[in-house]
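Good morning, and thank you for coming.

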Amino acid sequence: MKVLGIDPGYGRCGMAIVSRDGTTDTLIESLCVETSSTADFPTRLSQILTECSRLLDNHAPDAVAIEKLFFSKSRTTAMRVAEVRGALIGCAGNRGTPVFEYSPAEVKSATTGFGGADKRQIAAMLRMTMKIEKDIRLDDEFDAIAIAVTHLSMVRMNSLAGQSALQ
């Protein structure tokens, strides 16, 4: 099974294609789309959707896993990230790729076993549990990998429980 994990944002948007064969997770491709703060929002959104479309077209994932929106500070930022999320969900939907959403706590729990883990702990656990051959410099990219791994873990857990697999 192959999953596109997305950590949505409009300044930086992490994306990762992760596959699972049996119990082995493999990072196929990951990136962080960084947009210019001087560009208008439609231009920034277009850059993000171009990369998402490329990953969907090149890798044909079985599912897209995206982080649920969680903000407590800026309403403006939350609204823009929500718009990015909607566009990304639509991008996957246009291709018939199912989309699954996970909260930050679900991602932390699935990747580290602890819902209060920090970004450093998540990155360390991902490096221990899967082969990551590239240098990843931004947390957004690790977050996208973790979101994809979360979906793969949920599919496996449901399969073991005898429930229909999420795909």
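I begin with a definition: a charge is said to sit over a ring if NZ of Lys or CZ of Arg is within 6 Å of the ring centre and within 35 degrees of the ring normal. Under that rule, the charged end of Arg 80 sits over the ring of Phe 41, 4.0 Å from its centre.

A word on the source. This is a predicted model, in which local features need pLDDT of at least 70 and side-chain atom pairs count only at pLDDT 80 or more, while totals for chains, interfaces and linings use all residues. Residues are numbered from 1 along each chain as its sequence is written, and side-chain values use heavy atoms, with hydrogens and water left out.

Let us stay with Phe 41. Rings of Phe, Tyr and Trp (for Trp, its six-membered ring) pair if their centres lie within 6.5 Å; planes under 30 degrees apart count as stacked, over 60 as edge-to-face and the rest as tilted. The count by this rule is 1 aromatic pair. It is formed by Tyr 10 and Phe 41, edge-to-face, with 5.8 Å from centre to centre and 75° between the planes. The pair links distant parts of the chain, 31 residues apart: Tyr 10 is in the loop between β1 (2-7) and β2 (12-21), and Phe 41 is in helix α1 (residues 41-59). Helices (H or I, at least four residues) and strands (E, at least two) are DSSP runs, numbered from the N terminus.

Is Phe 41 buried or exposed? Buried means under 20% relative accessible area, exposed over 50%, and partly exposed in between, with a 1.4 Å probe and protein chains only. Phe 41 counts as buried because its relative accessible area is 13%.

Further along helix α1 we find Leu 49, which is partly exposed at 22%. Taking contact to mean heavy atoms within 4.5 Å, and leaving aside neighbours within four places in sequence, Leu 49 is in contact with Ala 87, Leu 88 and Cys 91. Arg 54 also lies in helix α1. Its relative accessible area is 27%, so Arg 54 is partly exposed. With the neighbours within four places again left aside, Arg 54 is in contact with Glu 29 and Leu 31.

In the loop between α1 and β4 (63-67) lies Ala 60. Ala 60 has a positive phi of about 45° although it is not a glycine, and it is exposed, at 55% relative accessibility.

I turn now to the largest pocket. On a 1 Å grid over the protein atoms alone, a pocket is an open set of points where a 1.4 Å probe fits, with protein on both sides within 12 Å along at least five of seven lines; lining residues have an atom within 4 Å of a point. The largest pocket is lined by 26 residues, of which Asp 7, Pro 8, Glu 67, Lys 119 and Asp 143 lie nearest its centre. Which helix gives the largest share of the lining? That share, 5 residues, comes from α5.

Asp 143 is itself in helix α5 (residues 139-160). With a relative accessible area of 9%, Asp 143 is buried. Not counting residues up to four places away in sequence, Asp 143 touches Asp 7 and Lys 119.

Thank you for your attention.
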